[in-house]
Amino acid sequence: MDIKKSGGFGESYRVSRRMFMKHSAVAAAGTAFAAGGFPVAGAALPGMGGKASVSFVTGNERRDMVGRVLKPFEKEIREGIAGKQVVIKTNFVADGTPLCATHPDAVRGLLDFLAPMYKKEIIIAESTASDKGTEQLFEDYGYTPLKKEYRVKLVELNKQSTSPYYILGKNLRPNRIQVCDTMLDPDNYIFSITRLKTHNVVVATLGLKNIIMGSPQKIYKGVNYKSQMHEMAPWGLNYNMFLVARQIRPQFTILDGLEGMEGNGPIGGTPVNHGVALAGPDVLAVDRIGVELMGIDIADVGYLNYCADAGLGVIDRSQIRIIGSDKPEDHVIKYKLNENSDWQLKWKEDIEIKKG
């Protein structure tokens with residue numbers, strides 16, 4: 001049986017992951033169509049195909065490493081950004097913790113690479129969950145000097161226009177959130193650039209999560225749609241990230257692994273001197289190699305498996321070609337996981353849903 005009644009306080013039901021996927025997708029899609037919002041089951045971005053390439057380098061200077069890891073994709077990027085607005089999505093999880101944030105020198109490496117081929121203003125965008133706000137964190141994390149060094153604009157996504165999107169709420173009920181239009185705009189070419197980090201709900205946070213969780217709006221001292229993605233975690237967060245990823249994914253992903261975060265990430269962890277960088281157009285493939293470098297079993301990261309099962313990208317290691325002389329398997333460092341990692345893996349088990 002996929003659904004069975006269980007005892008305890010009140011009435012509840014245990015739902016297998018297979019039925020959870022089936023019923024939640026149908027419910028969310030149906031409500032979205034009826035309300036005129038972005039339908040979860042429609043207008044999805046196309047998948048990446050059966051094979052992928054990931055560039056991989058090692059070193060000890062992140063600005064140089066980012067430039068080198070991008071070089072094999074120069075032609076593809078040049079063609080991709082033509083006629084588009086380039087958006088660089090950084091990652092500022094919280095205030096007061098530089099290790100949780102994308103380092104400005106990693107962004108400098110990307111801007112150096114883009115300068116000869118892109119003459120328009122580049123948007124550097126973020127939507128932090130910190131109550132200090134992104135504009136303050138741009139200053140705190142050393143981004144304001146970039147405005148004098150390059151033709152860039154620092155953008156607080158939480159203050160931009162938004163559109164409705166449907167995710168799962170409590171007890172598999174559809175929940176309407178607002179996502180930033182910048183992330184939905186087909187005329188934008190979005191770079192995701194972030195660190196390798198462990199996480200407190202979904203095991204690891206890399207390039208895809210940077211984009212997905214940067215999309216829901218947070219109104220400071222008001223509603224926080226990011227937190228609503230976490231309903232029924234860890235089951236719900238993994239699945240909600242998959243739902244959003246069907247329409248919102250980066251065109252190109254860069255992982256700065258010069259210094260990663262292990263332990264109680266994505267905020268309270270400790271540094272790992274790793275000395276790696278990787279990049280590619282298939283965010284799932286890049287994250288797959290990132291997970292490998294962290295010594296994490298890809299089977300433990302729910303949202304990446306959901307997205308791969310839906311054809312949104314490649315996580316099959318045999319279908320990923322590594323570009324570069326260095327081999328990722330020679331540079332694996334087993335990151336210490338968050339102290340609640342056993343609880344995080346419950347996404348693999350049946351979920352209990354209370355009736356009513």
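## Surface and overall composition

The accessible surface of the protein chain amounts to about 14400 Å², and carbon and sulfur atoms contribute 50% of that area. The model is a predicted one. Of the 356 residues in the protein chain, 57% are buried.

The secondary structure of the protein chain consists of 13 helices and 14 strands. Among contacts in the protein chain with a separation of 6 or more, 75% are made by residues 24 or more positions apart.

## The largest pocket

The largest pocket holds about 430 Å³ of space. Its lining is made up of 25 residues, and those that lie nearest the centre are V93, A129, K209, M213 and K226. Two elements give two or more residues to this lining, namely α8 (207-212) and α9 (225-228).

By residue class, the lining of the largest pocket comprises eight nonpolar, twelve polar and five charged residues.

## Aromatic pairs

A pair of aromatic rings is described by two quantities, the distance of the centres and the angle of the planes. The structure contains eleven aromatic pairs. One of the pairs is formed by F73 and F252, with 5.4 Å from centre to centre and 75° between the planes, an edge-to-face arrangement. This pair links distant parts of the chain: F73 belongs to the loop between α2 (62-70) and α3 (74-81), whereas F252 belongs to strand β11 (residues 252-262), and 179 residues separate them.

Are these two residues buried or exposed? F73 has a relative accessibility of 6% and therefore counts as buried, the cut-off being under 20%. F252 has a relative accessibility of 0%, so F252 also counts as buried.

A second example is the pair of Y306 and W347, which is edge-to-face because the planes of the rings stand at 85°, over the cut-off of 60 degrees; the ring centres are 5.8 Å apart. Here too the pair links distant parts of the chain, with Y306 in helix α12 (residues 302-309) and W347 in the loop between α13 (341-344) and β14 (351-354), 41 residues apart. Both Y306 and W347 are buried.

Definitions and conventions. Residues are numbered from 1 along each chain as its sequence is written. This is a predicted model: local features need pLDDT of at least 70, side-chain atom pairs count only at pLDDT 80 or more; totals for chains, interfaces and linings use all residues. Side-chain values use heavy atoms; hydrogens and water are left out. Helices (H or I, at least four residues) and strands (E, at least two) are DSSP runs, numbered from the N terminus. Buried means under 20% relative accessible area, exposed over 50%, partly exposed in between (1.4 Å probe, protein chains only). Contact means heavy atoms within 4.5 Å. Accessible areas come from the Shrake-Rupley method with a 1.4 Å probe; for residues, only the protein chains shown count as cover. On a 1 Å grid over the protein atoms alone, a cavity is a set of points where a 1.4 Å probe fits but cannot get out, and a pocket is an open set with protein on both sides within 12 Å along at least five of seven lines; lining residues have an atom within 4 Å of a point. Grid points are joined across faces, edges and corners, and a volume is the space filled by probe spheres set on the points. Ala, Val, Leu, Ile, Met, Phe, Trp, Tyr, Cys and Pro count as nonpolar, Asp, Glu, Lys and Arg as charged, and the others, Gly among them, as polar. Rings of Phe, Tyr and Trp (its six-membered ring) pair if their centres lie within 6.5 Å; planes under 30 degrees apart count as stacked, over 60 as edge-to-face and the rest as tilted.
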